Amino acid sequence: MRDEEEATDGPPDPQLHPEHSPGFGENPAGLEDIEVDRDITIGEASLAELGASDTEPVEDDEVADLIETLAGDDVVERRRAALALAERDSDETIVRALSAAATTDEDADVRQFAVEALAKHGGSLAAETARALTDDPDPWVRAEAVVALDRLDREAHEDEIERALDDDHHAARRNALVSLFKCRGEGALSVLVDAADDPSERVREWAAHLLGGIEDERADEALAELADDEQSIVRETAVRAREVDSGSFRRQFAGVLDESDRTLPGEDDLNRTPDL
């Protein structure tokens with residue numbers, strides 16, 4: 001977590017140079033290091049679908065109109081309405097409408113956006129809905145439900161969050177891992193050590209990140225093994241994690257992470273890479 005805006009002056013990070021990207025050049029190397037296990041269809045999204053997260057077109061709409069849209073036939077407009085309702089003053093009508101969308105809408109993105117919005121409103125119905133969605137058939141909805149439980153009250157929902165460590169999708173497991181570290185601090189050592197053997201490179205990468213926040217021999221041993229991981233991103237993360245101050249690192253995870261951007265569609269604040 002950062003309490004101040006990230007500095008933008010100074011020299012650029014050399015790791016962000018395009019020539020360092022996997023696939024660069026005539027004979028690209030490193031493509032085997034890219035984990036692609038999310039169902040993606042390229043070339044079928046319409047411009048309207050790509051713009052569904054832009055709530056500016058409905059920023060002046062009345063709450064009643066947004067709720068009506070949320071229950072309407074246009075899937076793109078339903079997505080937009082769910083996100084827009086997240087920014088309105090909380091009341092019971094909004095929460096009930098979002099809960100209904102999160103649990104019944106046939107579109108996974110609508111369900112995901114609705115539970116995200118619910119977490120910002122809070123309350124017992126939001127928590128009940130998020131708990132139910134940890135069993136949603138769509139993995140990105142389940143991952144968002146973990147984020148929602150973390151935002152609502154990670155300590156109160158610690159058991160539900162921990163169960164997500166057994167989810168069959170890396171995003172839910174990763175979100176649970178980050179939340180448990182935020183909740184337990186050094187007490188998360190065992191789950192982080194276990195996650196160092198996760199089949200997903202994304203989970204192992206986060207395990208390496210977070211192990212940097214624990215000063216313990218078992219953490220050192222796990223990081224040493226991760227520094228020899230088959231995936232370069234995991235190896236590099238482990239090397240950096242061994243160099244950080246563990247106490248300072250833990251303080252980055254004291255509260256809700258910055259919401260200024262997301263790394264991929266479907267990913268939320270828990271998925272952001274911490275500053276090492």
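Of the 276 residues in this chain, 47% count as buried. What we have is a predicted model, so please hear every value as computed.

The chain holds 14 helices and zero strands. Among contacts with a separation of 6 or more, 65% join residues 24 or more positions apart.

Helix α7 covers residues 139–153, which is 15 residues. From first C-alpha to last, α7 reaches 21 Å, close to the 21 Å expected at 1.5 Å a residue.

Is α7 mostly covered or mostly open? Mostly covered: 12 of its 15 residues are buried. The buried residues run from Pro139, Trp140 and Val141 through to Ala148, Leu149 and Asp150, and they include Arg142 and Glu144.

A side-chain oxygen of Asp138 comes to within 2.9 Å of the backbone nitrogen of Trp140.

Now to two of the partners, α5 and α6, which also pack against each other. Their angle is about 145°, and their axes lie 9 Å apart. The crossing of α5 past α6 is left-handed. On the α5 side, Arg111, Val115 and Leu118 make the contact; on the α6 side, Ala126, Thr129, Ala130 and Leu133 do. By class, that gives five nonpolar residues, one polar and one charged.

As for the spacing along each helix, an α-helix has 3.6 residues a turn, so residues three or four places apart point the same way.

Notes. Residues are numbered from 1 along each chain as its sequence is written. This is a predicted model: local features need pLDDT of at least 70, side-chain atom pairs count only at pLDDT 80 or more; totals for chains, interfaces and linings use all residues. Side-chain values use heavy atoms; hydrogens and water are left out. Helices (H or I, at least four residues) and strands (E, at least two) are DSSP runs, numbered from the N terminus. The expected span of a helix is 1.5 Å times one less than its number of residues. Buried means under 20% relative accessible area, exposed over 50%, partly exposed in between (1.4 Å probe, protein chains only). A polar contact is a pair of N or O atoms within 3.5 Å; within protein, one must be able to donate a hydrogen and the other to accept it, and residues adjacent in sequence count only if both atoms are side-chain atoms. Axes are lines fitted to C-alpha atoms, for helices over the stretch in contact, and angles run from 0 to 180 degrees between N-to-C directions. A crossing is left-handed if the near helix is turned anticlockwise from the far one by less than a right angle, and right-handed if clockwise. Contact means heavy atoms within 4.5 Å. Ala, Val, Leu, Ile, Met, Phe, Trp, Tyr, Cys and Pro count as nonpolar, Asp, Glu, Lys and Arg as charged, and the others, Gly among them, as polar.
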